[in-house]
Amino acid sequence: MKERYDDLIVAVDIGSCKVVVAIAAMDDAGELSVIGLGCSESTKGVKDGCIVNINSITEAISEAVNNAEMQAGREVKNVFVAVSGKDIKSQNELGFSTASGANKEIRRNDIERAVEQAKGISISSDRRILHVLPRWYKVDKQDNIQDPLGMFGTRLEAKVHIITTAETAIRNVMMCFERMNIGVNAIFLQNIADAKAVLSDDEKELGVLLLDIGAETTNVSVYYKQAPLYTTVFQKMGGDQITFDLSKGFGIPLGIAEKLKCEIGIADYGCINENEEIQIPAVGGRPAKIHRKSKVVDYIQPRLLEIFGTIRECLKENDLLECINGGVVITGGTALLPGIEVVAQQIFGVSVRVGMLRIFGGLGDKINSPEYSVVNGVLELGEELLGYDGSADVRVKRNNGKPTLMSKVSDFIKQFF
């Protein structure tokens, strides 16, 4: 029997289109290096981001893990998993506590009590808290504090962002890995992993809208003053809809339409020469047809305008348009369409960019693309959490051999399963 390794960071992204697995380890220089990659199709097991066929998705995960293990030459023992789904909901809550230290010094347990009170919301038995993310703290009358530890005051207030999902969604994910005899270190929402991978501190401070346009869903997050303010997932709104439009418009099978989108898909007319032509394969032995390349934009741009318009209306209804002064960041496979930034800027009226990723060592260049932003983010989150004592109420991270208590937003992720 092969030896299993505890020192690996293994990221698993379960998407509506594919499962991606990345195995990473620290190299001799102490940098994270990707040593194994695996990918498999998940369309039969996942719908709208949710598992609909546990046998099929378990097979898909197993295939991706096996491929990554073969490349790495090492066997996976534990994983960090990213999920999405139609059942994701978020809300912002307040919690309070009083300073318990000498001379009214705020201690770690005071912070925990404030967060626990905010977390004590009433949720139905069929839902589960996935993330509790502190946004800011207030000590007496001083607010917008990122870390109140050691400050002096009487009353501590914690504003937290709580993300919940269906209990069955988490149980189904856990069941897959139980069948494979693989442990799950933590489950992250894809939105959280995306943010870790592509957002800068300046953007999160000013206010930024993060969009991950996947195959069947679009993950939406708003960050403001360094912390998540709004999180949701839109169903039946992604790259597959663009593929359907191309299929219908050109009268071609979905497979050919998908290939057309990936190879010559363009979002804006400014990215093409108006005289450029393309050859579209026909079906039934008929000869291929010649079309102007602008016709591709005719089918892609309206769908993108609809997607961005729907999201803008959602932000407007929730009074969030004034909170994205830092711009819009787009990631996911659809972000690769040339000119997508121009289309998004028409709708949101702020600067737009495609997400840039950290380049890991080893095979990291193979996943240095917006379509792999989630798995990149999971690797970074796993790197942060590696070395924490998962059995403790407060996770402690090793820093040059010295333990430090976590208090920042990205470090206070608590998992429940």
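Mentor: Leucine 379 touches Ile9, Ala11, Ala22, Ala24, Leu32, Val34, Phe360 and Ile367, leaving aside residues up to four places away in sequence; contact means heavy atoms within 4.5 Å. This is a predicted model, where local features need pLDDT of at least 70, side-chain atom pairs count only at pLDDT 80 or more, and totals for chains, interfaces and linings use all residues. Residues are numbered from 1 along each chain as its sequence is written, and side-chain values use heavy atoms, without hydrogens and water.

Trainee: Which residues touch the most other members of the largest nonpolar core?
Mentor: Phe177 and Leu379, among its 68 residues. A nonpolar core is a set of buried Ala, Val, Leu, Ile, Met, Phe, Trp, Tyr and Cys residues joined through side-chain atoms within 4.5 Å. Apart from that core lies another, of 40 residues, including Val220 and Leu304.

Trainee: Why is α1 called oblique to α3?
Mentor: Helix α1 (residues 54-72) and helix α3 (residues 167-179) pack at about 55 degrees. Under 35 degrees is roughly parallel, over 145 roughly antiparallel, 65 to 115 roughly perpendicular, and the rest oblique. So α1 is oblique to α3.

Trainee: What makes arginine 292 partly exposed?
Mentor: Its relative accessible area is 45%. Buried means under 20%, exposed over 50%, and partly exposed in between (1.4 Å probe, protein chains only). Therefore arginine 292 counts as partly exposed. Arginine 292 lies in strand β18 (residues 289-292); strands are DSSP runs of E, at least two residues, and helices runs of H or I, at least four, numbered from the N terminus.

Methods: Axes fitted to C-alpha atoms, helices over the stretch in contact; angles between N-to-C directions.
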